[in-house]
Amino acid sequence: MRIKHVIKQMAIVMLLISLCLSGCSKKDDSSDNKTSTTDVNDSVIENNNSEEISGEAKNDAENAVENSPQTETQDEGDEVTEEIVPREEWEVAKLSGSKEAFEDYFNPDMKDYSRSCENSGEVQTITYYSEVMGAERSAQVYTPYGYDAANTYPVIYLIHGIGCDSSQWVSMSVANIFDHMIDKGELNPFIAVFPSVIPVGGLDPVSVSDTNIQAFIDFVKEFKEDLHPYIIENFSASELREDTAVCGLSMGGMEALRLGFTYLDTFNYIGSFSAAPTLETELLTTESSDYIPKLVLICSGDKDGTVGDNPYNYHSVLSDNGVEHIWYVHPGQGHSGGVWKLGLFNFLKRLSGGFIGE
C-alpha cells in the first residue's frame, strides 16, 4: 500500500509540473466559428508544447497513473454503453463521454455569442479587505447591461488557473457570452465575479510553487468570510442558494469542486473544466448533507496532457458516491481555451433557479 501511495503522489507531482508549463490566457478572438472537434488550435491558450510531459518524466507519470488505485482511463474508441438521455434530463445526465454525446448535447454553434454585443455589460475591478489573509485583495466583477441596484441578481463565481489571476477569464471575452445569453433571453441578467486566487505578496513566478498552491487552499475560507459577504453587501447579488453558482478552469476547476462541495449550502450549481489534481476527493459527496446541487458539470479535452485523467477521476468518484452530474469529453482538444469557453457555455445553458426566472 505504501508503494501505491508513493506512485499516486508521483502522478500528482508530474501533473502539477506540467501545469507550470501552461501560460495564462491572452485575448481570444478565435471562436467566431462553430467549435471544431478536430482543430486543436482553436482557442488554445498555452504554448502547444506545454500539453506534453516530455521524456522520462512523461513515462513516469503515465506509469504512475496506470498503477494508481483510483485512476481509470477511457480510450477514444470505447463503445457507448449508456443511452443518450432526453434533452430535458440534461441536468441529471450521466453520459459516457463519447463523441456522439458531445455532438448531440455539448457542441452548439457559438458564433453569435463570440462577438461584441450591442447591449454590453460592464467589467470593473474591485478591492476588498480580507480578514483571513490580512490584506487588501482584488477581483473583477461583471454587471449586466442595465444593471440597477434596486433589483436583485443571481451571481456566478469563475475561478482561474494556477499562475494566473482574475484577468484570465476576462481576457477570454466571456463577457460577450454573458451579454448575448442575456440579450437573447436565455438567462436573466446576472452578476459574475472573477476572484484573484493569488498569494498576498503576488504570484510566485514558479506557477506550481507551494505559495501559489497555498493560495487556493486559503481561498476556501477567504471566499466564505470575506469575498462573498463583500459581494452581497456592495452589489445587488442574491443570497439565495438557487441563485448562486461557481465554476473554474484547470486549478480553478479543482477549486470550484472544492468550494462547491465544501459549501453545499451556498452553491446550487458547480462547473469544473479541465480540473487539476490535489482535491481531497472525500469532499465529492452529498451524504449527510441537506443540500443536493441542482447541477454539477465536469468536462475535459481528450488530448489533455496537462491534467490527464484527473477530470475523469473526479467524475468517477462522483459516480461511485451517487452524485448526479454531467460528464463529457471535448474531442480533439487539449488544455485549452476552447474547452473552457465551451464548458462555461454548456454550464450556463443548464442553470436554473433565478438564472432563468424560476
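These legends walk through a few close-up views of a predicted model. Residues are numbered from 1 along each chain as its sequence is written, and side-chain values use heavy atoms, without hydrogens and water. Local features need pLDDT of at least 70 and side-chain atom pairs pLDDT 80 or more, while totals for chains, interfaces and linings use all residues.

**View 1. Eight strands form an open sheet with mixed pairing.** Their order is S1-S2-S4-S3-S5-S6-S7-S8; strands are DSSP E runs of at least two residues, and helices are H or I runs of at least four, numbered from the N terminus. Two strands pair if DSSP finds at least two bridges between them. S1 (122-130) and S8 (326-330) each have a single partner strand, so one side of each is left without a neighbour in the sheet.

**View 2. Strands S5 and S6 run in the parallel sense.** Five bridges join residues 244-249 of S5 with residues 269-273 of S6. Here you can find alanine 245 with its bridge partner, tyrosine 269.

**View 3. A salt bridge links glutamate 222 and arginine 137.** Their closest N and O atoms are 3.0 Å apart (a salt bridge needs a Lys or Arg side-chain nitrogen within 4 Å of an Asp or Glu carboxyl oxygen). Glutamate 222 belongs to helix H7 and arginine 137 to strand S2, so the pair ties together parts 85 residues apart in sequence. Both residues are buried, meaning under 20% relative accessible area (1.4 Å probe, protein chains only), with exposed over 50% and partly exposed in between.

**View 4. Helix H8 holds glutamate 255 and arginine 258.** These two form a salt bridge, with closest N and O atoms 3.1 Å apart. Glu280 joins them in a network of salt bridges.
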